[in-house]
Amino acid sequence: MYKLALLAASASALSRPATKLSATATAPAPTWDDHVAIDAPPETLCKGLDGNDSMRRKFEVMLRAAQNKITSAVEELDGEGTFKQDVWERENGGGGISRVMSGGKVFEKAGVSLSVVYGSMPQEALASATERGVDRAAGMKPGERVPFFACGLSSVMHPRNPMAPTMHFNYRYFETDGGVWWFGGGTDITPAYLFEEDMKHFHGTYKEICDKHDPEYYAKFKKWADEYFVIKHRGETRGLGGIFFDDQNNKDPDTHFAFSEECVNAVTEAYLPVVAKRKDSPFTEKEKEWQLMRRGRYVEFNLVYDRGTVFGLKTGGRIESILMSLPETARWEYDFKVEPDSKEAEIMDCFKNPREWV
């Protein structure tokens, strides 16, 4: 779900002013029920005037290919579950492709959703979309709605086995009227039980990619993830992190694009081998209950703090796609305390004191 202005995919676009779509400023804001279901995905969800060489179109093409790759790999690992696909469009442009698996052999629920959105939003809604907040509305008058374009691919995977971790990713591209653009994204992991070799593999995969693109990326983006995925009212993190980045526009667009492309396509390498290793592990009823309690924490973060959820709700996003990330089952116990020196206590220490894994 993301923002407005035409941008050619070249280094010169850094200094070239984006095309202003004044029509968008007067168009009605998207609402949760204004999408129309269609039978099959169109060639593009971007408006025709964007052209095939725009960053909007280029980012959509890349994410659609990643969606195909990831859903195919998840279906292969699951062995029984398949993704149900919903496709929709909006009258003033944009739409989406949601794929959700329910009741799989390995995955209780898994979703991978593409969204392309054109519209306008209150300036305060920008605070839900970016770290930089309202300064992304530079040049707008007080109270004036901000025309925007947004394209993103979001995913959450909830395995059945409590020894197999949940995983989330989101990669996105925003534009606002007046030529402001940026990239954001990240991939993070949420286990119920700690297996250090799994964390080394997951974090190591993304460190290798980060180091290839910028030696400062991994330390910066890992710290950003540790600080972003905090359940403030609990004093703990949602999971064991990964990478998270936002407001990336200090390099040419193609450089940021290449990093996002490599990160989203590394999901299968970073995550699925971990699930394959743990999906058949034995577990007790008590361990399943702990997994469900950690899912409860997952729900708390997503509904209270998650930037994408809040942004989607504030800008009239499609509700089924926004809430796709929530697990089918979760648990809350009153005043629950982990037993000292237990496996649950071991990982709780990680949630309260983020570690370095690689």
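Which helix gives the most to the lining of the second largest pocket? The tour below reaches the reply at its second stop.

The model is predicted: local features need pLDDT of at least 70, side-chain atom pairs count only at pLDDT 80 or more, and totals for chains, interfaces and linings use all residues. Residues are numbered from 1 along each chain as its sequence is written, and side-chain values use heavy atoms, with hydrogens and water left out.

Please select β1 (35–38) and β10 (242–248), the edge strands, each of which pairs on one side only. They belong to an open sheet of eight strands with antiparallel pairing, in the order β1-β2-β3-β4-β5-β6-β7-β10. Strands (E, at least two residues) and helices (H or I, at least four residues) are DSSP runs numbered from the N terminus, and two strands pair if DSSP finds at least two bridges between them. Neighbouring strands of this sheet are turned by 15° against each other on average, direction ignored. Angles run from 0 to 180 degrees between N-to-C directions, with axes fitted as lines to C-alpha atoms, for helices over the stretch in contact. Within the sheet, β2 and β3 pair over six antiparallel bridges; select E89 to find its bridge partner, G95, in β3.

**Second stop: the second largest pocket.** Next, select β2 (84–90), β3 (94–102), β4 (107–121) and α9 (319–322), each of which supplies at least two lining residues. The helix asked about at the outset is α9, which contributes three residues. Among the lining residues are K84, D86, K109, R318 and E320. By class, this lining has four nonpolar, three polar and five charged residues. Asp, Glu, Lys and Arg count as charged, Ala, Val, Leu, Ile, Met, Phe, Trp, Tyr, Cys and Pro as nonpolar, and the others, Gly among them, as polar. The pocket holds about 210 Å³ of space. A pocket is an open set of points on a 1 Å grid over the protein atoms alone, where a 1.4 Å probe fits, with protein on both sides within 12 Å along at least five of seven lines; lining residues have an atom within 4 Å of a point. Its volume is the space filled by probe spheres set on the points, which are joined across faces, edges and corners.

The largest share of the lining, four residues, comes from α7. Seven lining residues are nonpolar, none is polar and nine are charged.
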